[in-house]
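Dear colleague,

I am handing over the structure below, and my notes on it follow directly after. Please read them with the model open beside you.

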Amino acid sequence: MTNLEKYNKIIKMDLEVKDEDLNDDALVYNRHENWDSITHMELVADLEEAFDVQFDMLDTTSFGKYSMGIEILKKLGVDI
């Protein structure tokens with residue numbers, strides 16, 4: 001499984017979405033019905049565990065759409 005596939009699997013599991021929803025139009029924090037503050041923290045924790053990284057406060061607050069999670073993981077050294 002590639003890192004992008006792993007990322008997508010976590011997004012789909014935590015936000016309860018399908019492949020066709022994996023985009024910035026569908027997945028925006030506090031605009032998607034399943035992406036609230038509690039789910040956001042679960043998502044961050046699952047990504048940290050899966051990729052063995054640590055989001056700092058700026059990463060956590062900047063992660064507001066699908067593609068931003070990928071950018072943050074790249075910044076943290078994950079090859080996606």
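If neighbours within four places in sequence are set aside, T39 is in contact with D14, L15 and N34, where contact means heavy atoms within 4.5 Å. T39 has its place in helix α2, helices here being DSSP runs of H or I of at least four residues, and strands runs of E of at least two, numbered from the N terminus. With a relative accessibility of 11%, T39 counts as buried; the cut-offs are under 20% relative accessible area for buried, over 50% for exposed, and in between for partly exposed, with a 1.4 Å probe and protein chains only.

Before going further, please note that this is a predicted model, in which local features need pLDDT of at least 70 and side-chain atom pairs count only at pLDDT 80 or more, while totals for chains, interfaces and linings use all residues. Residues are numbered from 1 along each chain as its sequence is written, and side-chain values use heavy atoms, with hydrogens and water left out.

Helix α1 covers residues 3-15 and helix α2 residues 37-51, and the two pack at an angle of about 150° with their axes 10 Å apart; axes are lines fitted to C-alpha atoms, for helices over the stretch in contact, and angles run from 0 to 180 degrees between N-to-C directions. That angle makes α1 roughly antiparallel to α2, given that angles under 35 degrees count as roughly parallel, over 145 as roughly antiparallel, 65 to 115 as roughly perpendicular and the rest as oblique. The crossing of α1 and α2 is right-handed, a term used if the near helix is turned clockwise from the far one by less than a right angle, with anticlockwise giving a left-handed crossing.

The contact of α1 with α4 has five nonpolar residues, two polar residues and no charged residues.

In the loop between α1 and α2 lies E16, which is exposed, with a relative accessible area of 64%. Apart from neighbours within four places in sequence, E16 is in contact with I11 and N34; E16 and N34 are 18 residues apart along the chain, and their C-alpha atoms are separated by 7.2 Å.

Turning to charged pairs, the structure holds three salt bridges, each defined as a side-chain nitrogen of Lys or Arg within 4 Å of a carboxyl oxygen of Asp or Glu. One joins D59 to K75, with the closest N and O atoms 2.5 Å apart. Because D59 lies in helix α3 (residues 57-62) and K75 in helix α4 (residues 66-75), the pair ties together parts that are 16 residues apart in sequence. D59 is buried at 3% relative accessibility, whereas K75 is exposed at 53%. Another is formed by the side chains of D19 and K12 (2.6 Å, N to O), of which D19 is exposed at 52% and K12 partly exposed at 27%. The side chains of K74 and E71 also meet in a salt bridge (3.8 Å, N to O), and these residues, three apart in helix α4, are separated by about one helical turn.

Finally, L76 is found in the segment after α4 and counts as partly exposed at 28% relative accessibility. Leaving aside neighbours within four places in sequence, L76 is in contact with V53, Q54, F55 and D59.

Terms used
Ala, Val, Leu, Ile, Met, Phe, Trp, Tyr, Cys and Pro count as nonpolar, Asp, Glu, Lys and Arg as charged, and the others, Gly among them, as polar.
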